[in-house]
Amino acid sequence: MNLIFLGAPGAGKGTQAEFVREKTGIPAISTGNMLREAVRNKTSAGLAAKEYMDRGDLVPDEVVVGILKDRIGEDDAGNGFILDGFPRNVRQAEILEEMGVDIDLVIEIHVPDEKICARMSGRRVCEKCGSSYHTEYKPAKIEGKCDLCGGDAVQRDDDKPETVLSRLKTYHEKTAPLKDFYAGKGKLKTVEGQELVDDTKRLTFEAIGC
Ligand code: ADP
Ligand code: ZN
């Protein structure tokens, strides 16, 4: 099964993608996490991506597609994968088709813009393994520390209010048109993001039937 998670920054698509991975064993592939790792490791892709990410823009398609192709070529992705944060514009969706990737279902996690900014301020991510937390909705067992690896869970540079607004704008301009793209193929299901992450989880599992 190949799934796509779509949603505004901070809507919780990454968290839901992780829940589905835990339940089904299908690997979740987050282009955002892979890009942040590339930036940390100062790879050529990371160096090319950094300025765009800092501005809240999309990283150029060829940079992200290169990273994605390498990842879905790995063994564990042979029986399907969950894409979290890819595609991010219509061109990337077309590239997926050109690669021969068949998408079964696209889940949009929908949260109204008014609620996005408040959610983002509480977001934390593990510097070491990329696991995500939220001070309110998904607190780490020990504040500031990752449950899984003990690394530091910190605020992302691009979760500052200025960058959040520009990422939201990018989402509406470039990514939201994907809703029509996939709805036209009968593949879109929308899940309303709830106050409690477990309620959203239940709705997500229902939508996928897992
Ligand atoms: P969020 O969904 O919270 O904005 P992500 O972790 O998915 O966060 O992405 C962080 C940043 O990485 C984005 O703002 C963008 O700059 C870059 N990025 C991630 N995925 C893609 C993609 N498919 N195409 C272009 N840029 C991407
Ligand atoms: Zn960790």
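Which residues of H4 are buried? They are Asp 61, Val 63, Val 64, Val 65, Ile 67, Leu 68, Arg 71 and Ile 72, where buried means under 20% relative accessible area, exposed over 50% and partly exposed in between (1.4 Å probe, protein chains only). The model is predicted, so local features need pLDDT of at least 70 and side-chain atom pairs count only at pLDDT 80 or more, while totals for chains, interfaces and linings use all residues. Residues are numbered from 1 along each chain as its sequence is written, chains are lettered from A and ligands numbered from 1 in the order in which they are written, and side-chain values use heavy atoms, with hydrogens and water left out.

1. Helix H4. Helices (H or I, at least four residues) and strands (E, at least two) are DSSP runs, numbered from the N terminus. H4 covers residues 61-72, twelve residues in total. From first C-alpha to last, H4 reaches 16 Å, close to the 16 Å expected at 1.5 Å a residue; the expected span is 1.5 Å times one less than the number of residues. The cover over the buried residues of H4 includes E2, helix H2 (31-40), helix H3 (44-55), E3 and helix H5 (90-98), with contact meaning heavy atoms within 4.5 Å.

2. The sheet. Five strands form an open sheet in the order E2-E3-E1-E4-E8, with parallel pairing; two strands pair if DSSP finds at least two bridges between them. Strand E2 (28-30) and strand E8 (188-192) each have a single partner strand and stand at the edges, so one side of each lacks a neighbour in the sheet. The twist averages 25° from one strand to the next. Axes here are lines fitted to C-alpha atoms, for helices over the stretch in contact, and angles run from 0 to 180 degrees between N-to-C directions.

3. Strand pairs. Strand E1 (residues 2-7) pairs with strand E3 (residues 81-84) over four bridges in the parallel sense, and Ile 4 is opposite Leu 83 in E3. Helix H1 (residues 13-24) packs on the sheet and touches E1, E2, E3 and strand E4 (105-110); the direction of H1 makes about 155° with that of E1. E1 and E4 are parallel over five bridges, with Leu 105 in E4 as the bridge partner of Leu 3. E4 and E8 are also parallel over five bridges, and Val 106 has Leu 188 in E8 as its bridge partner. Five of the six residues of E4 are buried, so E4 is largely enclosed by the rest of the structure.

4. The zinc site. Cys 126 (SG), Cys 129 (SG), Cys 146 (SG) and Cys 149 (SG) coordinate the zinc ion (ligand 2) at 2.3 to 2.4 Å. Donors are N, O and S atoms within 2.8 Å of the metal (3.2 Å for Na, K and Ca); water is not among the atoms, so sites may look incomplete. The spacing of the donors along the chain is C-x2-C-x16-C-x2-C. Cys 126 in strand E5 (residues 123-126) and Cys 146 in the loop between strand E6 (132-134) and strand E7 (153-154) are 20 residues apart. Cys 126 is buried at 1% relative accessibility, and Cys 146 is buried at 5%.

5. Backbone points to check. Phe 86 and Pro 87 are joined by a cis peptide bond, with omega about -5°; Pro 87 lies in the loop between E3 and H5. Lys 42 is not a glycine, yet has a positive phi of about 50°. Lys 42 is in the loop between H2 and H3 and is exposed, with a relative accessible area of 61%.
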